[in-house]
Amino acid sequence: MYETVKNSELFDLNETYPAAADALRGKTYPWEILSDIHDLILAIGASLPEDRYEKRGEDIWIARSAKVFPSAYIAGPCIIGEETEVRHCAFIRGNALVGAHCVIGNSAELKNVLIFNNCEVPHYNYVGDSVLGFHAHMGAGSITSNIRSDRKNIVIHASSADYETGLRKIGAILGDYAEIGCNAVLNPGTVVGPRAMIYPTSCVRGVVPADAIFTNKGVVKAKNS
């Protein structure tokens, strides 16, 4: 098992908007892009082809092939990608850059997020100040906690180093194909490596290595062990 915290290790950058990929390539760590999401959406939105994207309200671009249920609430700036489904009572509070073939489910709440293609946030999830990789999946009721109770800046703790982020709000970073079990809580600054699995009802913090399993007793083991 190896811990991954860099953009180049966590994500397939071909599976997001080209401008978002370029922004990530220009940075080392994914949390460094969180303060740029607002401006990134505005820049991407202005260049989207009108035959494939419809502008619906101020700074809101929705793919014509996307399915958005009438009860969903979407605030700008926001982009919803092609073939994505935004289900009943989803609450998108702005600064949400959502890729193609995603699911934003019933009563899910998004705020200041970059969501790669084919990602699923399908039932009763809160995702704030987070980056979710290609094919990442959050089980029903799993949430990102994005601020410490003492309101201090978030430090990301890996076994090899501590990363001073300088940010008060970071939810979670999910690598490609990360799988989060139902009702899991990802504490502020949690990084889940590619293909890692989190057991249901777990309380997670720090860095979970790629290809690992995090059990609800806090034990981390390799998938094939």
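This is a predicted model: local features need pLDDT of at least 70, side-chain atom pairs count only at pLDDT 80 or more; totals for chains, interfaces and linings use all residues.
Residues are numbered from 1 along each chain as its sequence is written, and side-chain values use heavy atoms, with hydrogens and water left out.

Helices (H or I, at least four residues) and strands (E, at least two) are DSSP runs, numbered from the N terminus. Two strands pair if DSSP finds at least two bridges between them. Strand E12 spans residues 126-132. E12 pairs with strand E17 (residues 172-174) in the parallel sense, over two bridges. Strand E10 (residues 109-115) also pairs with E12 in the parallel sense, here over six bridges. In that pairing, leucine 110 stands opposite valine 127. E12 is mostly covered, with seven of its seven residues buried. Buried means under 20% relative accessible area, exposed over 50%, and partly exposed in between (1.4 Å probe, protein chains only).

The largest nonpolar core has 71 residues. Such a core is a set of buried Ala, Val, Leu, Ile, Met, Phe, Trp, Tyr and Cys residues joined through side-chain atoms within 4.5 Å. Ile115 and Leu174 have the most contacts inside the core. Contact means heavy atoms within 4.5 Å. With residues up to four places away in sequence not counted, isoleucine 115 touches Leu97, Val98, Gly99, Cys102, Ile104, Leu110, Val121 and Leu132.

Phenylalanine 116 lies in the loop between E10 and strand E11 (120-123). This residue counts as buried because its relative accessibility is 0%. Its contacts, leaving aside neighbours within four places in sequence, include Phe11, Leu13, Leu24, Cys102, Val131, Leu132 and Phe134. Asp12, Glu15 and Thr16 are also among them. Phenylalanine 116 and valine 191 are 75 residues apart in sequence, and their C-alpha atoms are 16 Å apart in space.

E1 and E2 pair in the antiparallel sense over three bridges. The bridge partner of glutamate 54 in E2 is isoleucine 62. The two strands form a hairpin with four residues between them, and glycine 57 in the turn has a positive phi of about 90 degrees. E2 also pairs with E5, in the parallel sense and over three bridges. There, isoleucine 60 stands opposite cysteine 78.

In a regular strand the side chains alternate between the two faces of the sheet. In E2, Ile60 and Ile62 point one way, Trp61 and Ala63 point the other way, and all are buried. Tryptophan 61 counts as buried because its relative accessibility is 8%. Leaving aside neighbours within four places in sequence, its contacts include Ile41, Leu42, Ala46, Leu48, Cys78, Ile79 and Ile80. Tryptophan 61 and glycine 81 are 20 residues apart along the chain, with their C-alpha atoms separated by 8.5 Å.

Most residues other than glycine have a negative phi, and most peptide bonds are trans. Aspartate 129 has a positive phi of about 50 degrees although it is not a glycine. The residue sits in strand E12 and counts as buried because its relative accessibility is 5%. Histidine 101 also has a positive phi, near 60 degrees. Its place is the loop between strand E8 (96-98) and strand E9 (103-106). Histidine 101 is partly exposed, at a relative accessible area of 44%. A cis peptide bond joins glycine 76 and proline 77, with omega about 0 degrees. Proline 77 is in the loop between strand E4 (73-74) and strand E5 (78-80).

The largest pocket has a volume of about 180 Å³. On a 1 Å grid over the protein atoms alone, a pocket is an open set of points where a 1.4 Å probe fits, with protein on both sides within 12 Å along at least five of seven lines; lining residues have an atom within 4 Å of a point. Grid points are joined across faces, edges and corners, and the volume is the space filled by probe spheres set on the points. The lining consists of Arg148, Ile154, Val155, Ile156, His157, Pro188, Gly189, Arg205 and Gly206. These residues divide into four nonpolar, three polar and two charged. Ala, Val, Leu, Ile, Met, Phe, Trp, Tyr, Cys and Pro count as nonpolar, Asp, Glu, Lys and Arg as charged, and the others, Gly among them, as polar.
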